[in-house]
Amino acid sequence: GFEDVGNWRIYTLNDHGEGLVLQVAEDLAHRREAFYNALIAMFAPLLVLLPFSIVAVWLVVRRAMRPVVWLGLELRQRGGGNLTDIAPERLPVELQPLVVDLNRMMGRLGQAIEAERAFAANSAHELRTPLAAAMAQLDVLGQTLSSDEQKQRLHNTRQLLQRLQALSEKLLQLARAE
């Protein structure tokens, strides 16, 4: 086997059948020099190619991410009310199903917003008539009351109905504004 003696590395091979012994020795300094030369020969090209590889990978990834960046900018530039479809044809095949699903979601969101607006407008219109009738009834009732306590209750009720009418008007204005 191998053994180190001084500055030498010795390999011994015994052939017991023939009685022969073979020994080979090598200077350890020579071994170290060969080892370092092999390391330099392996890693020097890598050190030269590594910066070029990093730049090449960066450029390829940047180019491959352009459609994703475009999609992000497209979504970021839209306002809250812009629910129009995004053109999936501008994107790679891998992203098209995502954009198709996103367009469907925006369509459903638009329908929900429209239903909410219609509900708010209808509710406000439906509340106007009963509130006006209740105010008219309070006016008639106010003419028949004689005690101050009853008139105070009538006044409180009228204030509550007026706040409800103002809220109904704001709801109608909101539905019109949207």
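Here are a few exercises on this predicted model, each with a worked solution.

Before you start: residues count from 1 along each chain as its sequence is written. The model is predicted, so local features need pLDDT of at least 70, side-chain atom pairs count only at pLDDT 80 or more, totals for chains, interfaces and linings use all residues, and side-chain values use heavy atoms, with hydrogens and water left out.

**Exercise 1. Work out the order of the elements and how spread out the chain is.**

Step 1: Take helices as DSSP runs of H or I with at least four residues, and strands as E runs of at least two, numbered from the N terminus. That gives four helices and three strands.

Step 2: Read from the N terminus and you get β-β-β-α-α-α-α.

Step 3: Get the radius of gyration over C-alpha atoms, and the globule rule as 2.2 Å times the number of residues to the power 0.38. The chain comes out at 44 Å, well over the 16 Å that the rule gives for 178 residues, so it is more spread out than a compact globule.

Step 4: Check the principal axes: the C-alpha trace spans about 140 × 45 × 35 Å.

**Exercise 2. Find how much of the chain is buried and which residues make up the largest nonpolar core.**

Step 1: Buried residues are 15% of the 178.

Step 2: Join buried Ala, Val, Leu, Ile, Met, Phe, Trp, Tyr and Cys residues through side-chain atoms within 4.5 Å. The largest core has eight residues: W70, L71, I86, L91, L95, V99, L102 and M106.

Step 3: Sort these by element. Both α2 (66-77) and α3 (96-144) supply at least two residues, with the largest share, three, coming from α3.

Step 4: Zoom in on M106. Ignoring neighbours within four places in sequence, its contacts (heavy atoms within 4.5 Å) are R78, L83, T84 and I86.

Step 5: Look for another core. There's a second, separate one of six residues, including L138, L145, L154 and L161.

Terms used
Buried means under 20% relative accessible area, exposed over 50%, partly exposed in between (1.4 Å probe, protein chains only).
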